[in-house]
Amino acid sequence: MHHRLAAANLLDLSDRLDAGERLGLDAGVRLFACPDLLALGWLANRERERRHGHRTYFNHNIRIEATNVCVASCLFCSFARLRPGDAGSYTMSLEQAWDKLRQRRDEPLTEVHVVNGLHPDLPFTYYTDLLRGFKQIRPDVHLKCFTAVEIAFFADLYGMSDEHVLAELMTAGLDSLPGGGAEIFAERVRRKICHDKCDADRYLAIHRTAHRLGMRSNVTMLYGHIETPEERIDHMLRARALQDETGGFQAFIPLAFHPDNNQMRKLPAPTAADTLRVHAVARLMLDNIPHVKAFWIATGVEVAQTSLWFGVDDLDGTVQEERIYHMAGAVTPEALTTTAIRRLIRAAGRTPVERDTLYRVLHEDASPGDAHGDPARVVQ
Ligand code: V47
């Protein structure tokens, strides 16, 4: 590999990573420019195996999107409808939302992930009651709900501080925050693609507050539209800086832009090669975020499998009834069973580990004869 890394001009970065040194903006941009995707993948895989060996995490979760009414006008979004009553808009009653969980009362799911549009007319009690109802139906289930953008919207709409909103939602049952809404932190991009929702500083401040209040969260990055390599790295570095402060991020999740049915439909979707590269670079830049997750709904199942050798150690979960990506043209299934996820991880040569939202291991498959999953095999 030495020769290949040298030919790819990655030897100095490889040595720095080996010495536990961090990479900065210039190094990150070089990683994006490197023509040898396999050499880059090899480096990312080394970091992945150092942390997780062959382990590949997934969870048993469902997605509930209670409303797609949204006052924001993000150019990449195919899900949102501006006003209640607009064609294709919907808002579930609390009973309808709770029914989604009641229908799965007997399934061993461990997480409900809720992402909504920014609805201008619902009372704050809609959200607190939503959480309380979920907890009544399944007290054991982890509620990962509302992006930082939604928290900022609630604070502005209901005249509360961000911290007060978070505290009230936690009292009602909120357990952690998902990573949505991050898009690309750079102002240039946000002004163009999502000018009317909370800015990067507020997104990060809300995660900082959530971490201080004792919650964990994730951070995403929407890639493959108008952002530059520098802006991708800047995004990763801002997430890394907050993680240095709080340690509260569990996973970094690159989200592949899907161009159907939205105002950016003229742009091509990111290629599989770009997807593998983004996940690999994330693993190399984010030395302090434990997990890099491939959201298989967005990447496609086959690319998600391949990404397990390009820095990724987590595949999200079973994800029933996902709408945001399917309305934007995703052709992935709407759900996978835990058996199917296990099978696809094993077929990729990795060891499936079912986790809960906080990465506590619920079930780890036996290693298949070789060193898969054996911590002793972790690359030193
Ligand atoms: O913030 C919207 C993205 C996000 C499109 O925290 C689009 O575990 C691509 O955040 N093409 C919501 N992406 C989903 C999300 C998420 C997903 C999986 C796991 C977690 C987690 C969080 O979806 C939005 C936006 O960035 N999105 N439209 C689109 N056309």
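A residue counts as near a molecule or strand if one of its heavy atoms lies within 4 Å of it. By that rule, 24 residues surround the ligand, and the closest are Phe76, Lys144, Gly179, Gly181 and Glu183.

The model is predicted: local features need pLDDT of at least 70, side-chain atom pairs count only at pLDDT 80 or more, and totals for chains, interfaces and linings use all residues. Residues are numbered from 1 along each chain as its sequence is written, and side-chain values use heavy atoms, with hydrogens and water left out.

**The ligand and its shell**

The shell around the ligand has eleven nonpolar, eight polar and five charged residues. In this sorting, Ala, Val, Leu, Ile, Met, Phe, Trp, Tyr, Cys and Pro are nonpolar, Asp, Glu, Lys and Arg are charged, and the others, Gly among them, are polar. Strand 6 (216-223) and strand 7 (249-256) each supply at least two residues of this shell. Strands (E, at least two residues) and helices (H or I, at least four) are DSSP runs, numbered from the N terminus.

Polar contacts are pairs of N or O atoms within 3.5 Å; within protein, one atom must be able to donate a hydrogen and the other to accept it, and residues adjacent in sequence count only if both atoms are side-chain atoms. Glutamate 183 has a polar side-chain atom 2.4 Å from an oxygen atom of the ligand. For asparagine 218, a polar side-chain atom lies 3.0 Å from a ligand oxygen atom. Glycine 180 takes part through a polar backbone atom, 3.2 Å from an oxygen atom of the ligand. On its own the ligand has 620 Å² of accessible area, and the protein covers 97% of it. Such areas come from the Shrake-Rupley method with a 1.4 Å probe; for residues, only the protein chains shown count as cover.

**Cavities and pockets**

On a 1 Å grid over the protein atoms alone, a cavity is a set of points where a 1.4 Å probe fits but cannot get out, while a pocket is an open set with protein on both sides within 12 Å along at least five of seven lines; lining residues have an atom within 4 Å of a point. Grid points are joined across faces, edges and corners, and a volume is the space filled by probe spheres set on the points.

There are two cavities of 30 Å³ or more. The space taken by the ligand is the largest cavity; a molecule sits in a cavity or pocket if more than half of its atoms lie within 2 Å of its grid points. Of the 38 residues lining the largest cavity, Val115, Gly180, Gly181, Glu183 and Ile324 lie nearest its centre. Helix 7 (148-158), strand 6 and strand 7 each supply at least two residues of that lining.

The second largest cavity is lined by Arg63, Ile64, Glu65, Met92, Lys100, Glu321 and Arg323. Five of these are charged, two are nonpolar and none is polar.

| Space | Volume |
|---|---|
| Largest cavity | about 670 Å³ |
| Second largest cavity | about 30 Å³ |
| Largest pocket | about 250 Å³ |
| Second largest pocket | about 190 Å³ |

The largest pocket is lined by 17 residues, with His258, Ala269, Ala298, Thr299 and Gly300 nearest its centre. Helix 13 gives three residues, the largest share of this lining. The lining has ten nonpolar, seven polar and no charged residues. In the second largest pocket, 14 residues form the lining, and Ser73, Cys74, Cys77, Ala80 and Gln263 lie nearest the centre. That lining divides into seven nonpolar, five polar and two charged residues.
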